[in-house]
Structure formats: C-alpha cells, structure tokens
Amino acid sequence: MPTRRVRTAAAAGLALAAFVLAAQAPVSPAAGVACGAQALPTLAALDGRIASNIYAGELGGNETQVDLGHVKSSADLLDAVAAGDKGAVLAAVKALVYHPFWHIVRLRVLSATGVLLADVGGPYVISPVDGVLVLDGRTIGSFVMSVQDDVGFTKLETHAVGDPIGIYVAGRLVAELGGTFPKAQPLKPRLRLAGVSYAVQSETYDAFPSGTLTAVLAVRAPSASLRAKPCAAVELAEIKRVVLRIAARYHPLAARYSDFVETAHADTGVVVIVRIGLRVIAGSAGPGPLEIPDAGIVSYLGRTWSVFSLAPTPPARVYVLVPTPK
C-alpha cells in the first residue's frame with residue numbers, strides 16, 4: 001500500500017539504528033510505583049491496540065475509500081449486474097481485482113435479491129467492507145470488498161510492532177509471521193515459540209465475507225529495567241519503539257514526512273509533528289504548541305502530553321506527543 005511501503009530488512013535495520021541514535025534521551029523513569037508484574041500485560045494491551053488501529057485503517061483508510069469508488073463507479077460492473085449477466089459480472093469483477101494499480105484483494109458481488117453473481121480473490125481475507133451498487137438512482141445489487149488479506153495483515157503488524165503474529169480462522173492457523181505458531185489457536189495466556197515464552201494477546205476482527213478471525217500476538221517479556229518504571233513510562237517506551245520502526249520504513253524520510261506522520265498517527269494514535277524551527281512541515285493535529293521541548297512534558301489541546309523527539313534529517317525535528325494518563 002502506498003503509505004506502508006517497506007524497504008529491504010537490511011536497509012530498514014540500518015535506518016532504524018540511525019533513528020535510535022538520533023532520538024532524544026531515553027524515556028526517563030518518572031516518579032511513581034514500578035509497573036513490575038503489570039509491565040508485560042501493559043505492553044501486550046498496547047500492542048493489541050496498535051494492531052487494531054492497523055486493522056481499522058484497512059477498513060476505512062484512504063486506499064479503501066478510493067477502491068470503494070472504483071467498484072461503485074465501474075460501468076462494466078453496473079451494466080452487467082443490471083442485466084443479470086453472470087459471465088459479464090465475473091469479467092468485470094476480475095478486472096477490478098486484478099487491476100495493476102489498485103489493491104482490491106477480494107470482491108464479492110450480489111444481485112438486489114441477494115443472489116451471488118461473482119466472488120473473486122484469495123481464500124483468507126480480513127477487513128471486509130460492504131457497499132451497494134446504484135445505477136440511474138436505483139439499487140441494483142450489493143458487494144463486499146477488501147483491500148487486505150490475512151498474510152498482508154501479518155506483514156503490516158510486523159513492520160510496525162514487530163511481535164510474532166498468527167491468524168486463526170475457526171481455530172485453525174491460516175497465516176503466520178515471526179514465528180512458528182501451533183496449528184490450533186492457543187487459548188492459554190502464555191505461549192512458547194522456539195523455546196521463548198511470550199504473553200498471548202488475542203484480537204478478534206471481521207473475516208471475509210462474514211464471521212470473525214483471531215489475530216494472536218506473541219509479546220515478549222520486558223527487561224528488568226523497564227519493569228522497574230511506572231506503567232505510563234512502559235507505554236511511552238513502547239510507543240517510542242514503534243514510532244522509530246515506522247520512521248525507518250520511509251526512505252528518504254525527508255521526502256516522505258507526510259506519509260510517515262500519517263502512518264505513525266494512524267497506527268499508534270499519538271500526535272506527530274515535524275518542524276524546522278517554528279515552521280510546520282507535517283503534522284497530525286495541527287501545528288502543535290508554540291514551544292515543544294525535545295523531551296519532557298507539554299500542554300496542548302487542553303491536556304498534558306509526554307514528548308520525545310528525533311532529528312534524523314537536521315534541521316528538521318520530529319516531535320511525538322503521547323497523552324499522559326488523566
């Protein structure tokens with residue numbers, strides 16, 4: 001997808017190392033009670049929310065909206081559905097799914113009375129979106145469309161969060177990345193992959209054309225130093241790690257700040273602002289406060305935010321604002 005293009009693993013690794021060095025001082029242990037045994041559940045819940053944000057982007061992101069328009073405006077498809085010509089409907093659906101510049105992975109078309117006319121695409125698909133087909137002001141049919149399959153979703157999660165992930169449909173493994181998952185869906189809170197113990201974070205999403213699937217994230221235990229920090233600092237450190245992973249995917253970053261800001265904000269929910277001095281290059285929530293510290297606390301939009309920043313391409317600086325607990 002255009003805003004989620006990934007370079008080779010080697011290049012991304014080198015860039016990520018550079019961003020880590022460029023980032024401001026490590027997240028400081030704020031005053032408060034150590035997160036301790038709650039650190040791993042805190043990380044798991046946050047990683048699950050980020051995965052769910054990625055899923056939501058596949059349901060309603062810009063590319064999804066554009067592809068919905070392609071389906072709804074296809075003259076060949078509308079004419080074929082109106083005529084009840086299954087052969088012509090199939091040909092029109094194939095043209096949409098296999099278009100070289102669009103990213104529709106599956107498309108299912110039905111008549112106005114619910115008769116299946118065509119269904120083209122992969123077997124294991126996530127984030128279905130419903131729509132209606134209208135010709136001359138009259139509803140002539142409906143469709144279910146998706147821009148992402150299960151394998152593609154595992155790649156998106158891995159590129160952003162990096163947790164090993166398995167996708168299960170009806171309790172059976174259909175896709176995995178980052179580890180060899182059991183064939184049957186794990187139901188216990190812990191899981192061992194290649195001899196390493198992980199916490200299991202399960203998220204339920206819509207499958208295509210109906211029903212649900214389960215994304216199982218394997219979340220590794222945090223270090224002792226991270227467990228010694230308050231849970232808010234644990235979350236901040238994890239968001240920082242994910243934002244750095246996202247930044248490393250865009251090369252050169254200076255030419256793709258808008259894409260980076262859009263993806264980092266959509267995936268994590270944080271505010272991301274790129275500035276040169278006071279001049280805003282890109283931002284997810286307006287220009288931001290007049291003065292932003294490189295690291296620390298700032299007030300903005302009626303609430304308090306924790307701040308970290310990086311400057312991989314001076315004089316530009318990337319500021320990340322994470323809401324503090326109320």
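Biologist: Helices here are DSSP runs of H or I, at least four residues long, numbered from the N terminus. In which helix is threonine 158 found?

Modeller: Threonine 158 is found in helix α6. Keep in mind that this is a predicted model.

Biologist: Is threonine 158 buried or exposed?

Modeller: Buried. The cut-off for buried is under 20% relative accessible area. Threonine 158 has 17% relative accessibility, so it counts as buried.

Biologist: What is threonine 158 in contact with, leaving aside its neighbours within four places in sequence?

Modeller: Asp163, Ile165, Leu177 and Arg245.

Biologist: How many of the residues of α6 are buried?

Modeller: Eight of the eleven, so the rest of the structure largely encloses α6.

Biologist: Which ones in α6 are buried?

Modeller: Asp150, Gly152, Phe153 and Thr154 are buried, and Leu156, Glu157, Thr158 and Ala160 are too.

Biologist: And what comes just after α6?

Modeller: Glycine 162, which takes a positive phi of about 90 degrees.

Biologist: Next, packing. At what angle do helix α2 and helix α6 pack?

Modeller: About 130 degrees, with the axes 10 Å apart. Helix α2 covers residues 39-60, and helix α6 covers residues 150-160.

Biologist: What does that make α2 and α6 to each other?

Modeller: Oblique. Angles of 65 to 115 degrees would count as roughly perpendicular, and over 145 as roughly antiparallel. The angle of α2 and α6 is about 130 degrees, and the two helices are therefore oblique. Their crossing is right-handed.

Biologist: Which residues of α2 and α6 meet?

Modeller: From α2, Ala51, Ile54, Tyr55 and Glu58. From α6, Phe153, Leu156, Glu157 and Ala160. By class, this contact has six nonpolar, no polar and two charged residues.

Biologist: Why do residues three or four places apart point the same way in an α-helix?

Modeller: An α-helix has 3.6 residues a turn, so residues with that spacing point the same way.

Biologist: Now α2 and helix α3. At what angle do they pack?

Modeller: About 25 degrees, and their axes are 5 Å apart. Helix α3 runs over residues 62-72. Angles under 35 degrees count as roughly parallel, and α2 and α3 are therefore roughly parallel to each other. Their crossing is right-handed.

Biologist: Which residues make the contact of α2 and α3?

Modeller: Gly57, Glu58, Leu59 and Gly60 of α2, with Asn62, Thr64 and Gln65 of α3. By class, that is one nonpolar, five polar and one charged.

Biologist: Change of topic. How many residues has helix α8?

Modeller: It has 17, residues 231-247. From first C-alpha to last, α8 reaches 24 Å, close to the 24 Å expected at 1.5 Å a residue.

Biologist: Which residues of α8 are buried?

Modeller: Among them are Ala233, Val234, Leu236, Glu238 and Lys240. Leucine 236 has 13% relative accessibility, so it counts as buried.

Biologist: How many residues apart along the chain are leucine 236 and threonine 324?

Modeller: They are 88 apart, and their C-alpha atoms are separated by 9.1 Å.

Biologist: Last one. Where is the place of glycine 277?

Modeller: In the loop between β12 (271-276) and β13 (279-283). At 53% relative accessibility, glycine 277 counts as exposed, because exposed means over 50%.

Biologist: How many residues apart in sequence are glycine 277 and valine 33?

Modeller: They are 244 residues apart in sequence, and 37 Å apart in space, C-alpha to C-alpha.

Technical notes
Residues are numbered from 1 along each chain as its sequence is written. This is a predicted model: local features need pLDDT of at least 70, side-chain atom pairs count only at pLDDT 80 or more; totals for chains, interfaces and linings use all residues. Side-chain values use heavy atoms; hydrogens and water are left out. The expected span of a helix is 1.5 Å times one less than its number of residues. Buried means under 20% relative accessible area, exposed over 50%, partly exposed in between (1.4 Å probe, protein chains only). Axes are lines fitted to C-alpha atoms, for helices over the stretch in contact, and angles run from 0 to 180 degrees between N-to-C directions. A crossing is left-handed if the near helix is turned anticlockwise from the far one by less than a right angle, and right-handed if clockwise. Contact means heavy atoms within 4.5 Å. Ala, Val, Leu, Ile, Met, Phe, Trp, Tyr, Cys and Pro count as nonpolar, Asp, Glu, Lys and Arg as charged, and the others, Gly among them, as polar.
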